[in-house]
Amino acid sequence: VVTGSLDMTAKLWDPMNLDCIATLDCVGDSVMALEAVGSWVLCAGTNSIKIWELASRRLYRILDGCRFPILWQDGLLYCATYDIPQNIQVWDASSADPQEWSVLEILKNHQAEVTALCWFQQSLLSASVDRTIALWQAPRKTGVVLDKRHDE
């Protein structure tokens, strides 16, 4: 079991007795979202994604300029960008080694910060502060903004 916190740490817990077995220090960034991917845990904060190797509890790679929300699906990593938070980066994360992961494309359609990502029926859905959702047939560079808005 892995949890993240605003105190800039992620904690690994023994699932049998819920004792804390390790603390991962995500220096300079609160942990806003987590993804477990094989032997890795991805800690997404407000300005980077830190990739930890679970076995050694070692910080393995930092994806600067990426931020929460994040989503892992079929060897692709989706995340919001730090400098332009209305964009979504699509990473080829099919390699077992995160050092080999690379950006495939950047999805652009929202007018404000992306707040949520969800996989649904072979499509990526994204939500934004602009009160819209976008439907992406991934991986494609164009999305359809659905005229569905939340009220104030």
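**Close-up 1. Glu 53 and Arg 58 pair up in a salt bridge.** In this predicted model, Glu 53 is partly exposed, with a relative accessible area of 21%. The closest N and O atoms of the two residues are 3.6 Å apart. Side chains of opposite charge can pair when their charged atoms come close.

**Close-up 2. Glu 113 forms a salt bridge with Arg 67.** Here the closest N and O atoms are 2.8 Å apart. If you are keeping a tally, a search of the whole structure finds 2 salt bridges.

**Close-up 3. The largest nonpolar core brings together 16 residues.** Those with the most contacts inside this core are Leu 42, Ile 49, Leu 63, Ile 70, Leu 77, Trp 91 and Trp 101. Two or more residues come from each of β4 (33-37), β5 (40-44), β6 (48-53), β8 (66-73) and β9 (76-81). Apart from this core lies another, of 12 residues, including Val 114, Leu 117 and Ala 134. In soluble globular proteins, nonpolar side chains tend to be buried together.

**Close-up 4. Leu 77 and its neighbours.** Leaving aside residues up to four places away in sequence, Leu 77 touches Leu 42, Leu 63, Ile 70, Leu 71, Trp 72, Gln 89, Val 90, Trp 91, Ala 93 and Trp 101. One of these, Val 90, is a member of the 12-residue core.

Technical notes
Residues are numbered from 1 along each chain as its sequence is written. This is a predicted model: local features need pLDDT of at least 70, side-chain atom pairs count only at pLDDT 80 or more; totals for chains, interfaces and linings use all residues. Side-chain values use heavy atoms; hydrogens and water are left out. A nonpolar core is a set of buried Ala, Val, Leu, Ile, Met, Phe, Trp, Tyr and Cys residues joined through side-chain atoms within 4.5 Å. Buried means under 20% relative accessible area, exposed over 50%, partly exposed in between (1.4 Å probe, protein chains only). Helices (H or I, at least four residues) and strands (E, at least two) are DSSP runs, numbered from the N terminus. Contact means heavy atoms within 4.5 Å. A salt bridge is a side-chain nitrogen of Lys or Arg within 4 Å of a carboxyl oxygen of Asp or Glu.
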